[in-house]
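The following briefing concerns the structure shown below, and its points are grouped by topic for a reader who wishes to check them against the coordinates.

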Amino acid sequence: MNTEKSIEVLNKLIEINNDRIQGYETAARGTFEVDLKLLFSQCQQTSEKCKAELVEEVQKLGGVPLDGANTIGKINRVLMDVKSAFGMNDRMAILNSCESVEAIVVDTYSNVLKNNPDNISTVHHELLDTHYVFIKAEYYKIKGLRDQLLVKG
C-alpha cells in the first residue's frame with residue numbers, strides 16, 4: 001500500500017464530504033419545508049461524521065487533511081443560492097439539485113472503492129464501504145422524494 005496515494009484518496013473523500021456539508025447547509029436555508037430541512041440536516045450530519053473519520057485516518061497515516069471544498073461543490077452551492085435568491089425556492093428545484101450532487105458523491109465513493117484496491121487498506125475499505133452504504137441510502141431518499149413529485153406532476 002502506498003501511503004501517499006492512500007492519503008490522496010482519503011483527502012478526495014474529505015473534499016467531497018465538505019461539499020456535501022456546505023451544500024446541505026445551503027439547501028436547508030433554501031427551503032421552508034420541515035421534512036426537507038430534517039432530511040438535509042441528517043445528510044449534513046452523515047457527512048460530518050464521515051469527514052471526521054476520514055480526517056482521523058489521514059492523520060494516522062501522517063498526512064494533512066484537506067479543509068476545503070472542490071469546484072463542483074462550489075458550483076452547485078452557487079446554483080442553489082441563486083435559485084433561492086430569485087424566488088425559485090420550490091421543492092422540485094431543490095430536490096433536483098440535491099439529487100445531482102448526491103449522484104456525484106455516490107459515484108465518487110463507488111469509484112474509490114472499485115479503483116483503489118492497492119491504495120487503501122482493508123480497514124479503510126471497510127470504513128469507506130460503511131460511508132457508501134449510508135450516503136447511498138440518503139441518495140435514494142432524495143431521489144424517491146423527487147420521483148414522487150414527478151409522478152404527481
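Glu102 is buried, with a relative accessible area of 0%, where buried stands for under 20% relative accessible area, exposed for over 50%, and partly exposed for what lies in between, with a 1.4 Å probe and protein chains only. The model is a predicted one, in which local features need pLDDT of at least 70 and side-chain atom pairs count only at pLDDT 80 or more, whereas totals for chains, interfaces and linings use all residues. Residues are numbered from 1 along each chain as its sequence is written, and side-chain values use heavy atoms, with hydrogens and water left out.

**Surroundings of Glu102**

- Glu102 lies in helix H4, which covers residues 91–115; helices (H or I, at least four residues) and strands (E, at least two) are DSSP runs, numbered from the N terminus.
- The side chain of Glu102 makes a polar contact of 2.8 Å with the side chain of Arg20 and another, of 3.0 Å, with the side chain of Tyr24.
- A polar contact is a pair of N or O atoms within 3.5 Å; within protein, one must be able to donate a hydrogen and the other to accept it, and residues adjacent in sequence count only if both atoms are side-chain atoms.
- When neighbours within four places in sequence are left aside, Glu102 is in contact (heavy atoms within 4.5 Å) with Arg20, Tyr24, Ile135, Glu138, Tyr139 and Ile142.

**Aromatic pairs**

- The structure holds 2 aromatic pairs, and in one of them the rings of Tyr24 and Phe40 have their centres 5.4 Å apart and their planes at 35°, so the pair is tilted.
- This pair links distant parts of the chain, since Tyr24 belongs to helix H1 (residues 3–29) and Phe40 to helix H2 (residues 34–60), 16 residues apart.
- Rings of Phe, Tyr and Trp (its six-membered ring) pair if their centres lie within 6.5 Å, and planes under 30 degrees apart count as stacked, over 60 as edge-to-face and the rest as tilted.
- Both Tyr24 and Phe40 are buried.

**Cysteines**

- The count of disulfides, each being a pair of cysteine sulfur atoms within 2.5 Å, comes to 0.
- The sulfur of Cys43 has its closest cysteine sulfur in Cys98, at 7.6 Å, which is too far for a bond.
- Cys43 is buried, with a relative accessible area of 0%, and Cys98 is likewise buried, with a value of 2%.

**Lys5 in helix H1**

- Lys5 has its place in helix H1 and is partly exposed, with a relative accessible area of 28%.
- Although Lys5 and Ile120 are 115 residues apart in sequence, they are 8.1 Å apart in space, taken from C-alpha to C-alpha.
- Lys5 touches Asn116 and Asn119, not counting residues up to four places away in sequence, and a polar contact of 3.2 Å joins the side chains of Lys5 and Glu8.

**The chain as a whole**

- The chain has 5 helices and 0 strands, and its elements run α-α-α-α-α from the N terminus on.
- Of the 153 residues of the chain, 44% count as buried.
- Among contacts between residues at least 6 apart in sequence, 81% join residues at least 24 apart.
- The accessible surface of the chain comes to about 8,200 Å², of which 57% belongs to carbon and sulfur atoms; accessible areas come from the Shrake-Rupley method with a 1.4 Å probe, and for residues only the protein chains shown count as cover.
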